Amino acid sequence: QQQMTRVGAELLTIAVPVFDDKQKLRFVVMNVRDKINEADLYHAPQYETADSEEPEADIVYNSPVMLKIIASAKKIAQLQAPCIISGEAGVGKSTLARYIHMHSPRKDNPYLVIHCASLSEENLQKELELGMTDAGTLSAVKNGTLVFTNIEKLSLAAQNKLCEYIAYLQSKESGTSFIATTSRDLAQMITYNQFHKGLYYILHV
């Protein structure tokens with residue numbers, strides 16, 4: 001089945017039912033493929049918010065690997081430390097970020113997702129500068145969770161400003177949790193001077 005997302009990307013959804021030995025339906029495996037690289041991201045939503053009244057981000061899994069990932073996610077959820085969620089496109093990094101938020105002490109507080117691939121550098125720089133004066137969109141995420149998707153898409157200048165912003169909030173003990181998602185090897189990007197080393201070590205705790 002083909003579907004269209006808010007950013008104009010086409011999704012191909014394949015559902016495969018799994019039955020037990022008595023031919024009773026146990027669960028359905030969903031495989032979603034997208035063509036996000038072909039989407040028009042210029043007018044895509046730059047921010048995404050969620051509140052605690054929305055359904056919890058449940059993850060259906062039945063493998064040893066996912067058991068370890070979910071166990072780690074639950075541990076991370078109880079910490080104030082930032083984290084990076086890495087993996088190929090379409091594996092559910094944003095869903096896992098939401099899962100961490102909903103299983104944390106911050107679940108009743110604001111949750112804001114910033115789409116780095118669609119947010120202009122000028123707007124991000126402005127928001128980060130406003131945030132360091134306790135104004136703007138980012139200031140509303142006090143004691144909540146701030147998620148940066150596709151963080152590798154930010155320029156080095158924007159990464160440096162984000163590094164300053166996170167350091168500012170940490171110095172104020174704002175209680176805000178930071179999660180970054182990426183489909184790239186950030187450590188390797190550092191060796192090519194494509195990613196800010198300071199930001200990497202702030203997020204990669």
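This is a predicted model: local features need pLDDT of at least 70, side-chain atom pairs count only at pLDDT 80 or more; totals for chains, interfaces and linings use all residues.
Which residues form the covered face of strand S5, and which the uncovered one? Residues are numbered from 1 along each chain as its sequence is written, and side-chain values use heavy atoms, with hydrogens and water left out.

**Figure 1. Strand S5 and its pairing with strand S8.** Strand S5 spans residues 83–86; Cys 83 and Ile 85 form its covered face, whereas Ile 84 and Ser 86 form the uncovered one. Strands are DSSP runs (E, at least two residues) and helices are DSSP runs (H or I, at least four residues), both numbered from the N terminus. S5 runs parallel to S8 (residues 177–182), and four bridges join them; two strands pair if DSSP finds at least two bridges between them. Cys 83 has Ile 179 of S8 as its bridge partner. Cys 83 counts as buried, at 8% relative accessibility. Buried means under 20% relative accessible area, exposed over 50%, and partly exposed in between (1.4 Å probe, protein chains only).

**Figure 2. The two sides of helix H3.** In H3 (residues 121–131), the buried residues are Leu 124, Gln 125, Glu 127, Leu 128 and Gly 131. Seen down the axis of H3, these buried residues fall within an arc of 165°, so they line one face of the helix; the arc is that of the directions from the helix axis to the C-beta atoms. An α-helix has 3.6 residues a turn, so residues three or four places apart point the same way. Glu 122 and Lys 126 are exposed on the other side of H3. Glu 122 has a relative accessible area of 66%. The C-alpha atoms of Glu 122 and Ala 158 are separated by 8.8 Å, although these residues are 36 residues apart along the chain.

**Figure 3. The largest nonpolar core.** This core has 29 residues, and Leu 146, Phe 148, Ile 151 and Leu 162 have the most contacts inside it. A nonpolar core is a set of buried Ala, Val, Leu, Ile, Met, Phe, Trp, Tyr and Cys residues joined through side-chain atoms within 4.5 Å. Elements giving two or more residues to this core include strand S6 (111–115), strand S7 (145–149), helix H4 (156–171) and helix H6 (197–203). H4 gives the most, with seven residues. Not counting residues up to four places away in sequence, Ile 151 touches residues including Cys 116, Leu 162, Ala 180, Phe 195 and Leu 203; contact means heavy atoms within 4.5 Å. Apart from this core lies another, of 13 residues, among them Ala 77, Leu 96, Ile 100 and Tyr 111.

**Figure 4. Helix H2, a mostly covered element.** Eight of the 10 residues of H2 (residues 93–102) are buried.

Figure 5. The chain has six helices and eight strands. Buried residues make up 37% of its 205 residues. Cys 163 is buried, with a relative accessible area of 13%. The count of disulfides comes to zero, a disulfide being a pair of cysteine sulfur atoms within 2.5 Å.
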